[in-house]
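Good morning, colleagues. Please look at the chain on the screen while I describe its fold.

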Amino acid sequence: IDAREMEKKERSAMAAVAAADYVLIPNDMDINWAEAVDKLMSMQAYMYTKRTKSGSRQVDMRSRVLDVACENGIITCRLSCGDDNLSAQVFFDSLCDIAEVKTECDIKRKDLLRRNRAGKDISLIEHD
């Protein structure tokens, strides 16, 4: 656990969040998750139904996956947050659809990130 004191001129921490890093550990490691990740990342777009308080709409998931890798069946990813939020569970469910399987995974959020003045994603606790 780590923290830093925010400067008065900064936006609130949650308003500043632009992305999040996750580790997804599937319950079924016999699936070729790397192939599902590769298929998703090779697509121009991948539409899913986003449900909100105000209803449902079709949204492109592919543009909200900022980075993803798969090693030994464990998926690490950076997903968009804020107005363009993509939940890790929805992301994993889409990988299951691509792999044509039904299974679950453990989701561990590793970090919340904000965009610094140079446009680079950095941890919320890092100073510019």
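Of the contacts in the chain with a separation of 6 or more, 60% are between residues 24 or more positions apart; a contact means heavy atoms within 4.5 Å. The model is predicted, so to qualify, local features need pLDDT of at least 70 and side-chain atom pairs pLDDT 80 or more, while totals for chains, interfaces and linings use all residues. Residues are numbered from 1 along each chain as its sequence is written, and side-chain values use heavy atoms, with hydrogens and water left out.

The chain has three helices and seven strands, taken as DSSP runs (helices H or I, at least four residues; strands E, at least two) and numbered from the N terminus. Along the sequence they follow the pattern α-β-α-β-β-β-β-α-β-β.

Five strands form an open sheet in the order 4-5-1-6-7, with antiparallel pairing; two strands pair if DSSP finds at least two bridges between them. Strand 4 (65-71) and strand 7 (121-123) are at the edges with a single partner strand each, so one side of each has no neighbour in the sheet. Strand 1 (residues 17-26) pairs with strand 6 (residues 105-115) over nine bridges, in the antiparallel sense. Within this pair, Pro26 stands opposite Cys105 in strand 6.

Finally, the helices. Helix 2 (residues 33-42) lies across strand 1, strand 4 and strand 5 (74-80), at about 155° to strand 4. Such angles run from 0 to 180 degrees between N-to-C directions, with axes fitted to C-alpha atoms, for helices over the stretch in contact.
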